[in-house]
Amino acid sequence: QVQLVESGGGLVQAGGSLSLSCAASGRTFSSYGMGWFRQAPGEEREFVAAISRDGGVTYYADSVKGRFTISRAGAQNTVYLQMINLKPEDTAVYYCASQLSPYYSALSLPKINTYDVWGQGTQVTVSS
């Protein structure tokens, strides 16, 4: 069974830091691009960051550039999202996802419709 499990969310004050992890199983995830997305109440799910299957290419939403860092540990089938200088507008449920195909180009990484496996999400709340 293909599965993604996120962890590391929580409550933090503005300016603080959190690190999210996504543990993958049931697929050779090192062959797939991986991404982080988030969804705030009443909002659509939006792209946050993504990383290519070899880790050589990363993409970030403009709103998180310079504050968030995505990385992956292929041997552990784990993807990370390090978040610093958090802002109240970063409050959302954060989802890890895996792309549908190992043959997508890196240009597809920010495109939500290229992802087919999703985790259950982890809540991040940033207080002002």
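How many helices and how many strands does the secondary structure of the chain come to? The count is 0 helices and 11 strands. From the N terminus on, the elements therefore read β-β-β-β-β-β-β-β-β-β-β. Colleagues, please keep in mind that the model before you is predicted.

Let me begin with the overall form. The radius of gyration of the chain is 14 Å, close to the 14 Å that the globule rule gives for 128 residues, so the chain is as compact as a globular protein of that length. Along its principal axes, the C-alpha trace spans about 40 × 25 × 25 Å. Of the 128 residues, 43% count as buried. The accessible surface comes to about 6300 Å², and carbon and sulfur atoms contribute 49% of that surface. Among contacts with a separation of 6 or more, 60% are between residues 24 or more positions apart.

I turn now to the open sheet. It has 4 strands in the order β1-β3-β8-β7, with antiparallel pairing. Strands β1, residues 3-7, and β7 stand at the edges, and each has a single partner strand, so one side of each is left without a neighbour in the sheet. From one strand to the next, the twist averages 15°.

Strands β1 and β3 are joined by 5 bridges and run antiparallel; here L4 stands opposite A24 in β3. Next, β3, residues 18-25, is joined to β8, residues 78-83, by 6 bridges, again in the antiparallel sense. In that pairing, C22 has V79 of β8 as its bridge partner. Finally, 6 bridges join β7, residues 68-73, to β8, and these strands also run antiparallel. S71 stands opposite Y80 in β8. The hairpin of β7 and β8 has 4 residues between the strands, and within this hairpin N77 takes a positive phi near 50°.

In which sense do β2 and β11 pair, parallel or antiparallel? Strand β2, residues 10-13, pairs with β11 in the parallel sense, over 4 bridges. Q13 stands opposite S127 of β11 in this arrangement. By contrast, β9 and β11 run antiparallel and are joined by 3 bridges; A92 has V124 in β11 as its bridge partner.

The side chains of β11, residues 122-127, alternate along the strand.

I come next to the charged pairs. The structure holds 5 salt bridges, and I shall describe several of them. The side chains of R27 and D116 meet in a salt bridge, at 3.2 Å from N to O. R27 lies in the loop between β3 and β4, residues 34-39, and D116 lies in strand β10, residues 115-118, so the pair ties together parts that are 89 residues apart in sequence. Are its two members buried or exposed? R27 is buried, with a relative accessible area of 17%, whereas D116, at 35% relative accessibility, counts as partly exposed.

A second salt bridge forms between D90 and R38, with the closest N and O atoms 3.0 Å apart. D90 lies in the loop between β8 and β9, residues 92-99, and R38 lies in strand β4, so this pair ties together parts that are 52 residues apart in sequence. Both D90 and R38 are buried. Salt bridges that share partners join R38, E46, R67 and D90 into one network.

Another salt bridge links K65 with D62, where the closest N and O atoms are 3.2 Å apart. D62 is exposed, with a relative accessible area of 64%.

My last point concerns a loop residue. Where is S52 found? S52 is in the loop between β5, residues 46-51, and β6, residues 58-60. S52 has a relative accessible area of 7%; buried means under 20%, so S52 counts as buried. Setting aside residues up to four places away in sequence, S52 touches G33, V57, R72 and L109.

Definitions and conventions:
Residues are numbered from 1 along each chain as its sequence is written. This is a predicted model: local features need pLDDT of at least 70, side-chain atom pairs count only at pLDDT 80 or more; totals for chains, interfaces and linings use all residues. Side-chain values use heavy atoms; hydrogens and water are left out. Two strands pair if DSSP finds at least two bridges between them. Helices (H or I, at least four residues) and strands (E, at least two) are DSSP runs, numbered from the N terminus. Buried means under 20% relative accessible area, exposed over 50%, partly exposed in between (1.4 Å probe, protein chains only). Contact means heavy atoms within 4.5 Å. A salt bridge is a side-chain nitrogen of Lys or Arg within 4 Å of a carboxyl oxygen of Asp or Glu. The radius of gyration is taken over C-alpha atoms; the globule rule is 2.2 Å times the number of residues to the power 0.38. Accessible areas come from the Shrake-Rupley method with a 1.4 Å probe; for residues, only the protein chains shown count as cover. Axes are lines fitted to C-alpha atoms, for helices over the stretch in contact, and angles run from 0 to 180 degrees between N-to-C directions.
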